Amino acid sequence: MIRFENVSVTYTGASAPTLAAVDLEVPEGELVLLVGPSGVGKSTLLGAVSGLVPHFTGGTLRGRVTVDGRDTRLHKPRELADVVGTVGQDPLAHFVTDTVEDELAYGMESLGLAPEVMRRRVEETLDLLGLAELRDRPIATLSGGQQQRVAIGSVLTPHPKVLVLDEPTSALDPGAAEDVLAVLQRLVHDLGTTVLMAEHRLERVVQYADRVVLLPEGVMGPPADIMSLSPVFPPVVDLGRLAGWSPLPLTVRDARRRAGDLRARLAGRAPAPAAAGPTGPTGCSAPPASGSAASGPTAPGAGPGPAGPTAGRGGGSTPPASDPAAPGPTAGGGPAGLLPHPAPSRNWGLRPQTPAPQTPAGLNMPAPTDPRPGPRPPTLRTPAGLNTPPQGAGAAAPVEEPPTRPRQGFGKGRGGGISRFWRRRTDAPAPVPTSTPSPLLAVDALGVRRGRVEALRRVDLRVRAGETVALMGRNGAGKSTLLNALVGTLAPTSGSVLVGGRVPHRTAPQELIREVGLVPQEPRDLLYADTVAAECAAADADAGAPPGTCRALVSELVPGVADDTHPRDLSEGQRLTLALAVVLTGRPPLLLLDEPTRGLDYAAKGRLVRILTGLAAEGHGIVLATHDVELAAELAHRVVILADGEVVADGPAAEVVTSSPAFAPQVAKILAPGPWLTVGQVREALR
Amino acid sequence: MAFPSGTTLRPLRAPEANRSNALHAGAWWLWALGLATAASRTTNPLLLGLLVGVAGYVVAARRTDAPWARSYGAFVKLGLFVVAVRLVFTMALGSPIPGTHVLFTVPEVPLPDWVQGVRIGGRFTAEQLVFALYDGAKLATLLICVGAANALANPARLLKSLPGALYEAGVAVVVAMTFAPNMVADVVRLRTARRLRGRPTGGVKAVLQIGLPVLEGALERSIAVAASMDARGYGRTAEVPAAVRRTTNVLTLGGLLGVCAGSYGLLAASGAGYGFPVLVGGLLAAAGGLALGGRRSVRTRYRPDRWGVRAWLVAGSGVAVAALMIWAAAYDPGALHPGVVPLTAPQLPLWPALSVLVGLVPAFVAPVPKESS
């Protein structure tokens, strides 16, 4: 159906071909998945099928691409419209008309189908995609998942033989993604449509694929074979490789069948390998009193750690008394003075005891590089003293302290700063006293209305230093609204938000960025300058930080980005990290991220996880809104689920995430009764 | 929105709107232009107020929740602004209306002789004020009528009624029009993003700094939409014989030339004789060209709006209001243009007022939009 014969694509001005010597043949009626790291030309390959590459994008295509026997060199995209249906990454950019029904009909109108045929197909498609209720709705008023379904429907109506989709589920919540994939599978099975799609979230799609194409090698094969050599793979495959299963399982179901012995091997263990392991296995989902308490402090030990080239500091930090001392060396004068901190954010002294309860350890590939400090466990295991007294100590700590900390950590460079904490693994969700006097963030009965829509109703949320909270929920549940209210771009209609003791929407932006930073869904919105260097200089100026601060952060977080690169030319992951560095320049104790993994491949995601784990260890409170259950499982200590603007679940990640199938990560489903969330935990435990 | 009388008329009540009984967009525009024509024939503030009331009532009764339906408020504000501007200009520049009721006197700026007829400052009389108000109200009513049409009819639907040869151009125009709201959304988003960088969100500097990203975004979006339209078959053409193509070109170009020459003839003093026939000939040729050109387009129309009885009633009511008002203007001009010098209280002439009320017909016959959930 689709045939690539020795195809290379070189864009104008590019030094190397984006796609080199690809030979492929996709048979009719197959669902073929395109996988590979970012930037290997997945979108280019898809564009070549619809003829948009090179007719629309420019560039040179060598070789031959034929679709249903038509050579794309001789046929323009519009002449392939009856054979190929294309849906790009952004459904909004796809729509030509303004209501659902017209949109579904548009393609058929262009092809000149008879009115009766159009009418019948529109009705069929409305049913197929479950859009009947929405037929008269203006497209602009639909949610993301609905828009994606309309976009797919709009290319289905002309009954194309080939459907080309670029990341169809990236922007969708798990439920909506399953709807879309179910539709695709129905098309393949019932109508014999050939589907070619690229997707980063393999855990969602790989089980639906008949074949997988791995780029840049351009090899095609059965999913299990390709997955065994692919550099990108979903957690289920990771677990399969770890357990040495062959053939590799691709679905949770397959993996569960094989997992009997693995479950048995893991039976006596708990996912708290490093610190808690020795102390004794404790269930992850049932926060155990002692075991977890012991592990809790690990984080804190780590937190202050960066403050110094201080092997000893880790230990020293545990007793409250030493805490006030910490600022001394760290404050470093200048910056501290710039950052007037109101009392509430002072609980940095507390940070030690609000540890990353179970920053799942093993996720982090860099395991080998990590010198798991032998000495640490002892120092860490002084939990008793930690839990209560530090509060007082914290209160006494100088106000300027908090902001300086994260900086310090960063300044250290990778080895000393973040990487040290990559491995910090503890578990036992939130063994932390829930009512610390001064959380970084206090949201009480927050309500936000937009017009007649109540976007948020009576939302309560507390985030303490060192804690990572994942906000989940379907598209339109109010996650972004909540984040916007936290940074003051939306004023609450009722209730209150206090960030570091300030009311965000009444605080001047210059001051607010020292309390809270938000990396928006589209990181590009934060970047105005032409070059990375200019962006960093502007960020330093905005935040009143010493020149070079932001650049140092960038070099630390994304090594190898040249000063004169245009932010637009960065990869998705690099751009996100640049925006993150810009936000961190203000040293906000509270960091918010909206949908950070959209468009990231596994490698970029892994880097992000390591960065965020390190930041949490240094005492940043992190709130991330995400649809990515795997990310939430790896990072979050607590998960908050929003539905229709209300909090419907708020608890330790392991509990919340495993209690609902939609939000459970694959590993949790496979090892179900066990408390395991990530492959990393399992790997550690088996070690 | 209920039909005024009881159960016996229930079968005649307006149905709930859906795609199949949607009123033709052209009907709404005819209705609104009818009201606007009526407004242009009078300066009686009571009649103008009645027209605004009629348009407002119909909009309130029949508009949907769609984004384009929200423009009515903007048009009303624009109308009020026009009235205000008219008043300010009268005050500042004076007006030729004589008057005896001096309200206040502003020191007059002495101007040289050669700017006769222009005055800055000076006496300001009640007559001038009233005249300006009447005049401004007329303009405002015109605008509000156009706003009503905008709110009631989906502009994209109007396109469906374009001749085939123009349809593609029309789609391009509609897509281009959707960029304005998108760019506004971009500006809002980028302004809030500025806050995240710790910069003030207001001021000229903010606008300048986000200007470039906004334009960049708009450009990228337009390219993406163009790609999508191309991939979905926009601009596919059927093969037509070369002869037909040439005839189309000749007819269209010749027709347009004829229209130009004809209009010139009509307007110029000398050419009254040949002007009209040339104009008509040109129009016919152009229409023929469009019809032939339509053969190149393979497009079909999905569920075009039908022009049914309700559309006739809606359009007819607008036309009736216009016709009655034009007739009234000839029959009793005094009632439609209340005197300003000397000042008299405007009176509501009975028959013109009743004829304006005919414009309420759509509020009873047009299909009722679904209640938004």
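**Sheet and confidence in a predicted model**

Q: At about what angle to β7(A) does helix α1 (residues 42–50) of chain A run?
A: In this predicted model, helices (H or I, at least four residues) and strands (E, at least two) are DSSP runs, numbered from the N terminus. Helix α1 of chain A lies across β3, β6, β7 (162–166) and β8 of chain A, where contact means heavy atoms within 4.5 Å. Axes are lines fitted to C-alpha atoms, for helices over the stretch in contact, and angles run from 0 to 180 degrees between N-to-C directions. Against β7(A), the angle is about 150°.

Q: Which are the edge strands of the open sheet of six strands in chain A?
A: The order of this sheet is β6-β7-β8-β3-β9-β10, with mixed pairing; two strands pair if DSSP finds at least two bridges between them. Strands that pair on one side only are β6 (84–87) and β10 (219–221) of chain A.

Q: Which residue in β8(A) stands opposite Leu34(A)?
A: Strands β3 (residues 31–35) and β8 (residues 194–198) of chain A run parallel and are joined by four bridges. Opposite Leu34(A) stands Ala198(A).

Q: Over which residues of chain B does pLDDT stay under 50?
A: pLDDT is the predictor's confidence in each residue, from 0 to 100. Chain B has a mean of 84, with 94% of its residues at 70 or more. Where pLDDT is low, the predicted coordinates should not be read in detail. The stretch under 50 in chain B is residues 1–6.

Notes
Residues are numbered from 1 along each chain as its sequence is written. Chains are lettered from A and ligands numbered from 1 in the order in which they are written. This is a predicted model: local features need pLDDT of at least 70, side-chain atom pairs count only at pLDDT 80 or more; totals for chains, interfaces and linings use all residues. Side-chain values use heavy atoms; hydrogens and water are left out.
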